[in-house]
Amino acid sequence: MLLQGKNIFKTYGNLKVLKGIHIDILEGEIVSIIGPSGAGKTTLLHILGTLEKADERKDYYLSIDGIPINHQSSKQLAQFRNQSLGFVFQFHGLLPEFTALENVSFPALIHGVSKKKAKKLAMELLEKLNIQNQAHQKPNTLSGGEQQRVAVARALINHPKLVLADEPTGNLDSDNADALHELFFDIRNQFGCCFVIVTHNQKLAKQADKIITLKDGQIV
Ligand code: ADP
């Protein structure tokens, strides 16, 4: 079991966004999360990615790769995220003053990989995503789709156990969306990592090993 979550609740003020989610993800599984807008999909993804905390409860439990993370400190969590998780979010969060190649390299450098090796790994990923020619450009000179692919490369460089993606194909035309799906499956087959993908893309959702439908903060 790669991820195990029990009794995930999330409340903002009076608003109950998640109302008791139980979720299990097996090693190497690709899981899609679908459901209407406002159902709590992004909130759940952020909690699974340790970016947000679920409500404190006695019966709440979350573990990833066998490590219980519901009680870890923010410092421990930051290290855990760098080592074990990859994120592909809509607002790419690329650093504007650095090139695509540098943006992709950073998580590897933080992880302790040498500059030369990080650059090589980053270039290989950019090639796989067919944006090697844009490697030395800064994000604001790239199209939305190209920025998205840079963000994907950055998410994958440390070979995370779990990749969390929020509408990864949102900015892509159908050819690039198909290529990205293929890449997710390739990466899974090659490295055995899991993907949890929030998506409105029916085709991507259906290709997943498991589909989770959220409605009103609950799995239906
Ligand atoms: P989805 O991804 O399914 O569209 P979200 O998880 O983004 O849904 O949001 C679910 C609900 O939680 C929405 O009503 C949203 O307004 C609310 N919400 C999300 N984040 C916050 C926050 N930081 N503070 C208050 N309400 C929030």
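Start by selecting α3 (100-110), the element that gives the most residues to the lining of the largest pocket, with four. Helices such as this are DSSP runs of H or I with at least four residues, strands are runs of E with at least two, and both are numbered from the N terminus. The model is predicted, so local features need pLDDT of at least 70 and side-chain atom pairs count only at pLDDT 80 or more, while totals for chains, interfaces and linings use all residues. Residues are numbered from 1 along each chain as its sequence is written, and side-chain values use heavy atoms, with hydrogens and water left out.

**The largest pocket**

Next, show the space itself, about 470 Å³. A pocket here is an open set of points on a 1 Å grid over the protein atoms alone, where a 1.4 Å probe fits, with protein on both sides within 12 Å along at least five of seven lines; lining residues have an atom within 4 Å of a point. Its volume is the space filled by probe spheres set on the points, which are joined across faces, edges and corners.

Select Asn 82, Leu 85, Phe 87, Pro 107 and Arg 154: of the 21 lining residues, these are the closest to the pocket centre. Coloured by class, the lining has 13 nonpolar, six polar and two charged residues. Ala, Val, Leu, Ile, Met, Phe, Trp, Tyr, Cys and Pro count as nonpolar, Asp, Glu, Lys and Arg as charged, and the others, including Gly, as polar.

**The ligand**

Now display the polar contacts (N or O pairs within 3.5 Å):

- Thr 43: a polar side-chain atom is 2.6 Å from a ligand oxygen.
- Thr 42: a polar backbone atom is 2.9 Å from a ligand oxygen.
- Ala 39: a backbone N or O atom is 3.1 Å from a ligand oxygen.

The protein covers 57% of the 570 Å² of accessible area that the ligand has on its own, by the Shrake-Rupley method with a 1.4 Å probe.

**Val 17**

Finish on Val 17, in strand β2. Is Val 17 buried or exposed? Val 17 is buried, because its relative accessible area is 11%, and buried means under 20% (1.4 Å probe, protein chains only). Draw a C-alpha to C-alpha distance from Val 17 to Lys 41: they are 24 residues apart in sequence and 9.4 Å apart in space.

Methods: A polar contact is a pair of N or O atoms within 3.5 Å; within protein, one must be able to donate a hydrogen and the other to accept it, and residues adjacent in sequence count only if both atoms are side-chain atoms. Buried means under 20% relative accessible area, exposed over 50%, partly exposed in between (1.4 Å probe, protein chains only).
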